[in-house]
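Please study the sequence and the structure before reading the solutions.

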Amino acid sequence: MWQIILDGLSVLDKNGLIVFCIVSLLSLGCCANFFLFRNLAKQKNALRSTFSLFLLILFFVFSIIVRLAYLKDIFVPPYFDSVEHLKIIKELVEGFSTSTFLERLPNLTSNYYHLGFHFIASLLTFGLRADPINVILVFGQIILAAMPIPIFFLIWHKTQSGTAAFFALLLAGFGWYMPGFAINWGKYPALTGLLAFEIVLSIAYALSKRKTGQNQSVLIIFLIFGVLVSTLIHTRTLVILFISFASWFFAGRIHTLPQSYQYSMLRIQLLGILILGILIQKDPLLKLALEPYLDNGILIALIALILSPFALSKFPRGVYFNALFVLSIFACLFIPFNGSVLKLTNQTLLDRPFVEMILYLPLSLLGGLGLAGFLESLKNTKILSKQNRLYTKALTTFLFIGFIGFFSIKNYNFYPVEYCNFLKYDDTVILDWMDKNLPSDARILVASDKLNVVPSSISADLVGSDAGIWVHLLTDKKTILMPYELDFLSTETIEELCQNQIGYIYVGSTSQSFNTQQLRKEVGWYKEILFLPNAQLYQLKSCFPKN
Amino acid sequence: MKVFLRKRSVFFIILILLFITACNGNPTQVPENSQIYSDSSPLNITYCNISSTDLCLEGFGKEGEDNLLILFKADNPVFADIYVGIEKGKDEIVFECIQAQDFSKNIYCSGDIFPNGENIQLNIYAKEDEKLIAKGGFTIQYGVIQRADDIEFEISTPESSKPSYPNESNEPNEPDEPNYPNSSYENPTATP
């Protein structure tokens, strides 16, 4: 743990200005959160709320430091999505610098691609005159550190319990490896969109609790603005916002029914979740969505579920909301979406990575509500004496926050996973060598794989599967993507390479890189230009004449 | 105030325990960027996998058939502008070094090739004043990553595929694996 903190501090030392600016920006949102709930909170003791806020700030600072450890030895944002993010951000920054932003905007990307996130990142890059790679890397980690904070405020207001709010904060931050692990997928727009979604959720919740006339119109304007911004950052936040509003509305309706009907409705929801959960588990693609919560995180998930009866007894509407939310996002995995207007085809309303990333939210809320319900039950129980109740409450706090918090943080992986981190040291050397030594019209073959996130669709899109995906962006050389399983021993492959006028072949170090042994074997066709332990560059020596 | 502190004592105890646990262990020292190296006290370098100090050796590579590539990582900007000399008999063969443009800490040096398995003494000089600022003895091994316990293994081309967007614990069993792997993914090329 100490090493993680040291690594984080060393990254903070090098990127202090970027961290400071992003934190300042986010603090505005968090302050808005606080002021939204400050007037609504029924805290009788100002000292207690100040203490809670002090602990929250401490948690935020701690989260930033440990999350920054991720950046210690990483060169670029991970996975293949990041190349596209960087490309768009560089274009936008160039547009700002040359005042050609509006002209560049329509041609920026052939498909719509979360321009809101790229706009924010490019503004930060332009304003700070910083390296866009560093900005994306730091931005992602700060977003992760900030994501639990709106959940803290939501639970704090709903339950009036600092303990429950902190428990929800811990669950959201470190309870499961999601949403943090999504950074390894380069899911920067989705994570930023989730934070924006949480802030919008807080505004909507505050609006629902305000009495008429108390600055309601201002809140409504903020809400609409928030919905627009979060949709621009990531389009799928519109889907989960709609699901949230609908779930809250119907949860309210269920809450007005007689209790026996409420429980019947809840049983139906739980049955629906079970059926959809089984269907999800049966699909080899979709079952990954539940893995963080059923494998590594099963213990924490079970604790949240075990506490749910207490949540049901004290905060039933919250439980109905969470159940409806989970049911809806599960269903969205199977609902097809025709986004031809946005040039998106073969999609579902929500995809597997997105559902996997967001399931922490209902579980964290349930955990917070459940703990609050449990503590409330302790307060009201007549079995224990007053002093014993205090001791039990202290023990519960210690167990849930101290022990579970410690357990979660201790087992949390704060560093990048190797198989998502395409660009390693050797790749940086080869890329630099290529930039300096290859002709400007060189055409380089790079490895790729089919994009496969939706079960029912066969995607024709190829996505980069090793560091070769960075060749075009970092060297300005033309790249051609072909499947990584290409058989370099076959004459058909040679013909295809020649037809595409490929001169060079880039081999990275992932499990989906080209087969370097085949290339080394056929010395008559391929010449080894550069050989490093984790990356190689080959030249196509000659083309077969066509018969 | 006393009542308030007494009730919050659990939080304070938790914080103290977390602090004690976090401080337990032997963290590696943060490199001192201000340290100055000279002829009399050049830095003794080793492999980056063993100890990542101001300058360390990532490994060796080949440029074509005739050139050796020496790969360095420099956390200290003192080592940004260097050249390398390798003793060969009475002479010292000079390797020109280049700093990677987009990744300024990564430096690679190119020069005459040496055979695999040869023991060499690397002398690193500052270009500015040609003073010896670092040195180290290594065995040239192409395509091999050196580990702390001197266990060597050869990089082989992986055969199996992995999911897109893999999770933390995915196993690459399926022929058509999804993108975005989870945390459970076990990379067949993962180094021990």
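**Exercise 1.** Determine where Arg352(A) and Glu356(A) lie, and how their side chains meet.

Solution. Step one: both residues belong to helix α17 (residues 352-358) of chain A, four residues apart, about one turn of the helix; helices (H or I, at least four residues) and strands (E, at least two) are DSSP runs, numbered from the N terminus. Step two: the two side chains meet in a salt bridge at 2.8 Å, N to O, the term denoting a side-chain nitrogen of Lys or Arg within 4 Å of a carboxyl oxygen of Asp or Glu. Step three: Arg352(A) and Glu356(A) are both buried (under 20% relative accessible area, with exposed over 50% and partly exposed in between; 1.4 Å probe, protein chains only).

The model is predicted: local features need pLDDT of at least 70, side-chain atom pairs count only at pLDDT 80 or more, and totals for chains, interfaces and linings use all residues. Residues are numbered from 1 along each chain as its sequence is written, chains are lettered from A and ligands numbered from 1 in the order in which they are written, and side-chain values use heavy atoms, leaving out hydrogens and water.

**Exercise 2.** Characterise the pairing of Lys436(A) with Asp432(A).

Solution. Step one: their closest N and O atoms are 2.7 Å apart, in a salt bridge. Step two: about one helical turn separates them, because they stand four residues apart in helix α20 (residues 425-437) of chain A. Step three: Lys436(A) is partly exposed at 41% relative accessible area, whereas Asp432(A) is buried at 5%.
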